[in-house]
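Then follow the strands, the helices beside them and the spaces between the atoms.

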Amino acid sequence: MFKTQFLLEVLNEQVGGNLARLKCLSNLILGVIQCRSVNLTHLASHQTTTAKHSSEYRKLQRFFEQWSIPQEAVAKIIFKKIPKPAAGYVLSMDRTNWQFGSTHINILTVGIVIHKVAIPIAWMTLPQVSKRGNSSYKHRITVMQKVLTLIPACDIYALTMDREFHGVHWLNWLNKQEVSWVLRIKANTIIDHYYKASCIKSTISTKQDVWGLQLYFSSKRLRQEALYVVSNKLKNKEALATYKLRWGIEVLFGHLKKKGFNLEDTHLRDPDKIDKLIAIVSLSFLFTLGFGLLLKARDKASALSKRKSHFRYGLDELRKILSNPQTHHKQLKLFEQWVKADSINLFFVV
């Protein structure tokens with residue numbers, strides 16, 4: 001792999017810290033892209049030194065054991081690339097999980113939705129007691145507190161959430177923070193003290209009593225089921241259209257897993273180490289998606305590129321560049337310019 005001086009400059013500006021560890025971080029970010037894996041054994045083969053594989057592997061282990069990657073620093077790099085839309089950011093909260101041996105790994109994540117995909121800005125590896133179940137309202141508050149240190153509530157157009165994220169304590173807390181939100185609810189949720197959501201055939205333009213809260217209720221018939229959502233600030237078509245953007249975080253998890261970086265390949269179990277790994281794959285995903293957007297906007301679209309997502313197109317091109325940087329000098333220079341740029345206007349934030 002080529003020298004990563006340009007990436008070091010960006011990381012040093014936002015993350016700071018020991019130069020040797022910053023070099024390790026930059027190599028990890030590009031290594032995840034090049035080998036499409038987060039497994040440390042594979043990543044040890046993509047370090048830039050001439051040390052033995054066993055030495056590189058142990059260096060990576062020490063990196064995860066000893067160094068802290070501030071989530072806010074990672075988020076600042078992401079925000080630097082993404083301009084704020086006039087109406088505010090659309091956020092999506094969800095949880096992804098998998099099992100390694102007897103350990104259930106659950107990661108609660110909030111991401112900014114762009115181009116029908118989310119980019120992580122705050123996350124938390126849930127304690128093992130959660131198993132494959134839902135997060136508690138305390139976990140959600142912890143993650144959203146991280147978000148609100150980065151974005152004021154007035155810059156959030158809406159936080160979109162699926163059915164598992166209901167709960168009066170949690171929703172009341174969001175209301176007190178003046179965060180706009182849209183939540184999908186179950187068909188048997190009671191609306192206005194008496195009616196089940198499934199019995200209400202039309203959208204209501206006034207606020208209704210739901211779990212003791214005054215909320216807007218909206219519904220829509222889909223192909224195989226009905227969609228019911230409530231919101232503290234958005235109503236009717238606006239609430240329904242905004243909720244549809246929640247799917248961006250599902251797309252993200254697909255790219256971080258089998259369709260991209262194979263996140264489930266990790267053998268890490270410690271929550272702190274997994275949080276560091278998410279920081280690395282978040283930056284790898286940002287650079288890959290952004291480069292794919294840049295290439296698709298610049299190059300004449302071929303039949304093959306049209307079939308690929310922006311992320312997959314960027315991933316395939318970057319892997320080709322990183323495997324043979326001498327042959328792809330111009331493309332490498334373009335990637336370097338992208339990484340060092342202050343903002344990326346190609347990001348259309350929905």
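Strands (E, at least two residues) and helices (H or I, at least four residues) are DSSP runs, numbered from the N terminus. Two strands pair if DSSP finds at least two bridges between them. This is a predicted model, in which local features need pLDDT of at least 70 and side-chain atom pairs count only at pLDDT 80 or more, while totals for chains, interfaces and linings use all residues. Residues are numbered from 1 along each chain as its sequence is written, and side-chain values use heavy atoms, with hydrogens and water left out.

**The sheet**

Start with the strand order. An open sheet is formed by 8 strands, running E3-E2-E1-E4-E5-E10-E9-E8, with mixed pairing. Strand E3 (117–125) and strand E8 (208–210) stand at the edges. Each has a single partner strand, so one side of each is left without a neighbour in the sheet. On average, neighbouring strands are turned by 35° against each other, direction ignored. Such angles are taken between axes, which are lines fitted to C-alpha atoms, for helices over the stretch in contact; they run from 0 to 180 degrees between N-to-C directions.

| Pair | Sense | Bridges |
|---|---|---|
| E1 (residues 89–100) and E2 (residues 103–114) | antiparallel | 10 bridges |
| E1 and E4 | parallel | 5 bridges |
| E4 and E5 (residues 181–184) | parallel | 3 bridges |

Single residues mark these pairings. Leu91 has Ile112 in E2 as its bridge partner. Leu159 stands opposite Trp181 in E5. In a regular strand, side chains alternate between the two faces of the sheet.

**Helices against the sheet**

Which strands does helix H6 touch? Helix H6 (residues 137–150) packs on the sheet and touches E1, E2, E3 and strand E4 (156–161). Contact here means heavy atoms within 4.5 Å. The direction of H6 makes about 125° with that of E3. Helix H9 (residues 247–256) also packs on the sheet, touching E1, E2 and E3. The direction of H9 makes about 75° with that of E3.

E4 is mostly covered, with 5 of its 6 residues buried. Buried means under 20% relative accessible area, exposed means over 50%, and partly exposed lies in between (1.4 Å probe, protein chains only).

**A buried loop residue**

Phe165 sits in the loop between E4 and H7. Is Phe165 buried or exposed? Its relative accessibility is 0%, so Phe165 counts as buried. Leaving aside residues up to four places away in sequence, Phe165 touches several others, including Met93, Leu108, Trp170 and Leu183.

**The cavity**

A cavity is a set of points, on a 1 Å grid over the protein atoms alone, where a 1.4 Å probe fits but cannot get out; lining residues have an atom within 4 Å of a point. Grid points are joined across faces, edges and corners, and a volume is the space filled by probe spheres set on the points. The structure holds 1 cavity of 30 Å³ or more. The largest cavity has a volume of about 40 Å³. Among the residues lining this cavity are Thr96, Ile107, Phe253 and Ile278. Which helix gives the most to the lining? H9 does, with 3 residues.

Methods:
On a 1 Å grid over the protein atoms alone, a cavity is a set of points where a 1.4 Å probe fits but cannot get out, and a pocket is an open set with protein on both sides within 12 Å along at least five of seven lines; lining residues have an atom within 4 Å of a point.
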